[in-house]
Amino acid sequence: MCGIFGVWGVKEASSLIYRGLFALQHRGQESAGIVASDGKTLRLHRGMGLVANTFTKDDIGRLKGSSGIGHVRYSTAGLSRIEEAQPLLISCSEGEQIAIAHNGNILNSGNLKGRLEREGSIFQTISDSEVILHRIARAKTRDFISNLISSISLLKGGYSLLFLLKDKMVALRDPFGFRPLSIGKRGKSIFIASETSAFDLVGAKYIRDVEPGEIVIIDKSGLTSIFYVQPSPQEHLTTKSYLIGDYELPYPIRKSYCIFEHIYFARPDSLVFSEGVYSVRKMLGRKLGAENRVSADMVISVPYSGTIAAMGYAEETDMPYELGLVRNNYIGRTFINPEHSMREAGVSIKLNPVVDIIAGKRIVVIDDSIVRGTTSRKIIGMIRRAGAKEIHLRISSPPVRHPCYYGIDTPTEKELIASKKSLSNIRDFIGVDSLEYLSLEGMLSCVKNPRDYCTACFSGDYPIL
Ligand code: AMP
C-alpha cells in the first residue's frame, strides 16, 4: 500500500508531482516525498505525514527541474520513521545519483539483505526498497538497465517501481503484475502513476498500463519499452519456466493482479488494471444482491468503502438506498493508521448514524470487507444503539482468511477473524441478525479477465511464496 507518481518533460515537475501525490493520498498517509532532476542534480524532500503537511511552497520551489518522482507511503514492511520515507536517493560510484519509489512488498528481501551485508553493504533503512538500490549499485556494468535487470532478477514478490536518474526515468512492474502502474501523456510530457485518477489532476490522458514484466524507459528520445521476463528456451516437462536476465525462475509466472484494489483500495474514479474501479465495485454489489437477498426496509453503506457496492445491491434488490451513516470528511481512513489503539478510537470519530432514518427499521448494511472484525463490530453497535430493528450485514467480497504478502496490509492469519471463526461466530461477534459474504466465483465474475487476478487473501492460492 503506497502510491507512486512520476513526471517527465514538464516545466516544473515538483509542483505537478505534488498534485499527483494529493490524488494518491488514500494509498498512504504515513510519509510523502519528491525527488526532482534538473538534468544535472537530483534533489530530495520528504517528511512524515500527509502531502499537505510535508511540503511548503519553498520546498517545492527548491525541487527544480523538468522530471521527478514522488511517493506516499504506508508501511507494509518497515518502521514508521523518516529514514523509511521514500523516494530513497543514493549516490553510486562516480557520483551517479539514483532515486527509487516503490509500491509493493519483496518476500525475500531479508535473505537478499543478509547476503549484501555479508559482502559489506551498510543499510540506512529496513525497507525492502533499499535492497534493490544496493543490488544496482553493486552490479557490474555501466549500463543502468542491465544493472537493473540483474538486480531485480532475484526479487520475489510484488513490486511496481519508479527510478529517476539525471537523464532518464524508468518504470517497471513485477512479472506477476500484482500492483497497478499506468502511463499517461500530456503533449510530449509523460506521466506514470499508481492510479489513473492522478492523471486527471495534472491534465494528462491515460494511455495504457505498464505491463507485468515490462520496463518502460523515458528519456530525451521519448518512451521505449523492453520486457525483462521471457519464457525459458529449455523444455520443461512439468511447468513452463521463465528467464529474467541470466536467471531461470524456479516457479511459473501467471498474471496476478490484486483484486483487493478493486474491492477496497483504489479510488473509484481510477482505472486499475485497465478496468474502471467504480463499475467493478457496483457489479460486486449487484452480484452480492443476487446471491444474498434479504427482506428489509432499506440498504445503507459503511461510507465510503461500501458505498458503491451498496448502490449496486440496492439496484439489484429493488430496495431504497439511504445515507444511514454520516462520515466526517476531516478524518483519514482509520485503517491506514498503523497504531491499533488509534484505529479503535478512530471509528466513532469518523462515523455517526442518522437516527431518524434508522430507528425502528430493518436495515441491510453493506461493507466491502471484514478483516479483523473490530471496526465492523463498533459500527454495528452504533447502528443498533440508533434503534435499528434488524441489521443484516452483507459483504461485497469473500471472507479474508489469508494474509497478503504482495503489498496489501492485511494482518497475520491469527488476527483475521474469518480464519479462526465460523460464519455464525463472526455474525455473533459483530452482533448482526444475519451475515453473508459474496462468493469467490461471484467476485471473479465482476472483472473482465478473472484468470488475471490474485485472490490469495480469500482463497489461499498464492501465486508465489
Ligand atoms: P474490521 O471490521 O476491523 O475488519 O474493518 C473492516 C474495514 O476495514 C472495512 O470497512 C474495510 O473497508 C477496511 N479494510 C479492509 N481491508 C483493509 C486493508 N487491507 N487496509 C485498510 N483497510 C481495510
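**Ligand site**

I began with D409 and found one of its backbone N or O atoms 3.4 Å from a nitrogen atom of the ligand. I am keeping in mind that this is a predicted model.

Next I asked myself which residues are closest to the ligand. They are D367, D368, V371, T375 and S376, out of 17 residues that surround it. Two of these gave me side-chain contacts to note. D367 places a polar side-chain atom 2.5 Å from an oxygen atom of the ligand. For S376 I also read 2.5 Å, again from a polar side-chain atom to a ligand oxygen atom.

**Helices α9 and α10**

I then turned to α9 (residues 277-291) and α10 (residues 307-317), whose axes are 7 Å apart at an angle of about 45 degrees. The two helices are therefore oblique to each other, and I noted the crossing as right-handed. On the α9 side I listed Y278, R281, K282, G285, R286, L288, G289 and A290; α10 brings I308, A309, M311, G312, Y313, E315, E316 and T317. Sorted by class, this contact has seven nonpolar, four polar and five charged residues.

**Helices α5 and α6**

My last stop was α5 (residues 128-138) with α6 (residues 144-152). Their axes come within 8 Å and cross at roughly 130 degrees, which makes α5 oblique to α6. The crossing of α5 past α6 is right-handed. Which residues meet here? I found I132, R135 and I136 in α5 against F144, N147, L148, S150, S151 and I152 in α6. I logged this contact as five nonpolar, three polar and one charged.

Notes
Residues numbered from 1 in each chain as written. Predicted model: local features only at pLDDT ≥ 70, side-chain atom pairs only at ≥ 80, totals over all residues. Heavy atoms only, no water. Axes fitted to C-alpha atoms, helices over the stretch in contact; angles between N-to-C directions. Helix = DSSP H or I, 4+ residues; strand = E, 2+ residues; numbered from the N terminus. Parallel < 35°, antiparallel > 145°, perpendicular 65-115°, else oblique. Left-handed = near helix turned anticlockwise from the far one by under 90°. Contact = heavy atoms within 4.5 Å. Nonpolar A, V, L, I, M, F, W, Y, C, P; charged D, E, K, R; others polar. Near = heavy atom within 4 Å. Polar contact = N/O pair within 3.5 Å; in protein donor to acceptor, adjacent residues only side chain to side chain.
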